[in-house]
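Work through the exercises below with the structure open beside you. Try each task before reading its solution.

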Amino acid sequence: MPTHNRLKVRNFAQIAEADITFGDLTLLVGAQGTGKSLMLQWFKAALDGREIVEALQAAGHVTEKSRVLIDLIFGAGMGEAWKAGETSVSFNGKRVLPKALRKAGAKVGKVFFVPAHRAMLISDGWASPFQKLTSDTPVVARLFSQNLHDRFSTRGEGPLFPLHGQLKVEYRHEIEKAVFHGGTVAIEEDRQHAKRLRLTHGKTHLPFMTWTAGQREFTPLLLGMYHLLPARKLLKDPDIDWVVIEEPEMGLHPQAVTVVMLLVLDLLWRGYRVVISTHSPHVLTAVWMLRQMHENGASWKRVCEAFGVTASQQMQKVMEAALNKSYQTHLLAYENDGRVHSTDISSLDPGSDDERVAGWGGLTGFSSRFGEAVRRAVNEGAE
């Protein structure tokens with residue numbers, strides 16, 4: 001694997017030009033509709049085109065025409081975004097063409113993709129298989145739903161969380177405090193003998209749609225982590241090199257977002273490279289903290305303090321690895337031409353003269369403006 005992985009996309013949908021260099025952990029930030037998901041889906045297609053095309057063909061789709069294939073990958077209607085002679089996509093300098101995707105990568109994907117709106121893939125407490133989701137659903141979501149369906153289908157009744165031996169005890173403890181609060185997530189059989197996800201508190205058994213929004217969004221993310229964090233002696237899934245997580249903060253309190261970032265650090269320690277799209281200043285604060293800790297030669301124990309976990313021997317390995325990983329952050333934003341361009345804001349330097357860097361792609365600007373407005377109001381009241 002090259003030390004530096006680089007994805008370039010030109011003239012696709014709203015994206016005029018985006019150039020993303022990936023670190024061990026890479027963040028994509030930007031307002032709604034700036035193409036973060038499109039970039040991540042192109043990343044998946046560039047590395048795992050064969051897996052995608054074969055999954056689509058197995059579901060009965062015809063994939064020979066480029067625009068039809070783009071529709072199937074990104075969602076119905078997106079085929080028009082590919083403009084022959086204008087659109088270009090490249091990964092590590094090699095062009096990525098729709099007609100050549102079936103030759104890209106192996107049958108087993110190198111990128112494990114956790115999509116946004118993952119709770120919507122669980123209908124009535126059960127995940128849908130790939131072929132039952134229509135072409136309106138992006139292929140990355142269909143693949144993830146199939147992964148959940150397989151996990152549900154191969155398990156009998158029983159708990160999914162907490163689960164002894166699955167995840168480090170420090171993570172289980174933090175998830176318990178931040179998300180489930182004493183509840184048990186399990187697969188249970190209902191009165192119609194159908195298996196469904198249930199959240200149990202004492203004698204109360206709650207169906208999936210009655211859970212909090214955060215619990216519904218976090219659970220499929222957690223199950224994806226189970227796939228990546230094997231309980232056996234292997235550190236990682238040998239077939240997977242990359243993990244993409246869209247909007248890990250969806251529905252979550254900052255305490256729970258901190259737990260997600262702990263799990264991300266565990267992925268990095270195991271040897272995965274992770275890419276996250278986010279609207280959460282909390283996620284960027286964690287990355288900024290790690291960069292600052294590294295630059296100042298801080299101890300791994302200080303990172304444990306920051307995350308609020310015990311400085312155990314297990315955590316030492318994870319936190320020492322985190323201090324030595326590379327971190328990249330890129331902003332996708334509309335520019336004066338009315339189209340989206342990318343900017344590398346990896347330094348996250350709050351003292352930068354570039355407001356895009358200092359304001360972390362706009363994520364801190366609103367609180368700064370609110371604070372400035374209050375300061376002026378107080379000064380005016382004192383006059």
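**Exercise 1.** The model is a predicted one. In what order do the four strands of the open sheet lie, and is their pairing parallel or antiparallel?

*Solution.* Step 1: the order is S9-S10-S11-S12, and the pairing is antiparallel. Step 3: from one strand to the next, the twist averages 40°. Step 4: for the pair S9 and strand S10 (residues 184-189), there are three bridges. Phe 161 is opposite Val 185 in S10.

**Exercise 2.** Find which strands helix H5 touches where it packs on the sheet.

*Solution.* Helix H5 (residues 213-228) touches S9, S10 and strand S11 (195-201). The directions of H5 and S9 make an angle of about 95°.

**Exercise 3.** Describe how H4 and H5 are packed.

*Solution.* Step 1: helix H4 (residues 169-180) packs with H5 at about 155°, and the axes are 11 Å apart. Step 2: angles over 145 degrees count as roughly antiparallel, so H4 and H5 are roughly antiparallel to each other. Step 3: Ile 175, Val 179 and Phe 180 of H4 meet Gln 215, Phe 218, Thr 219 and Leu 222 of H5. Step 4: the residues of this contact are five nonpolar, two polar and no charged.

**Exercise 4.** Is Thr 63 buried or exposed?

*Solution.* Step 1: Thr 63 is in the loop between helix H1 (36-58) and helix H2 (66-74). Step 2: its relative accessible area is 1%. Buried means under 20%, so Thr 63 is buried. Step 3: leaving aside neighbours within four places in sequence, Thr 63 contacts Val 53, Leu 56, Gln 57, Leu 69, Leu 72 and Arg 102.

Terms used. Residues numbered from 1 in each chain as written. Predicted model: local features only at pLDDT ≥ 70, side-chain atom pairs only at ≥ 80, totals over all residues. Heavy atoms only, no water. Helix = DSSP H or I, 4+ residues; strand = E, 2+ residues; numbered from the N terminus. Buried < 20%, exposed > 50% of the residue type's maximum accessible area, 1.4 Å probe, protein only. Contact = heavy atoms within 4.5 Å. Pairing = 2+ DSSP bridges. Axes fitted to C-alpha atoms, helices over the stretch in contact; angles between N-to-C directions. Parallel < 35°, antiparallel > 145°, perpendicular 65-115°, else oblique. Nonpolar A, V, L, I, M, F, W, Y, C, P; charged D, E, K, R; others polar.
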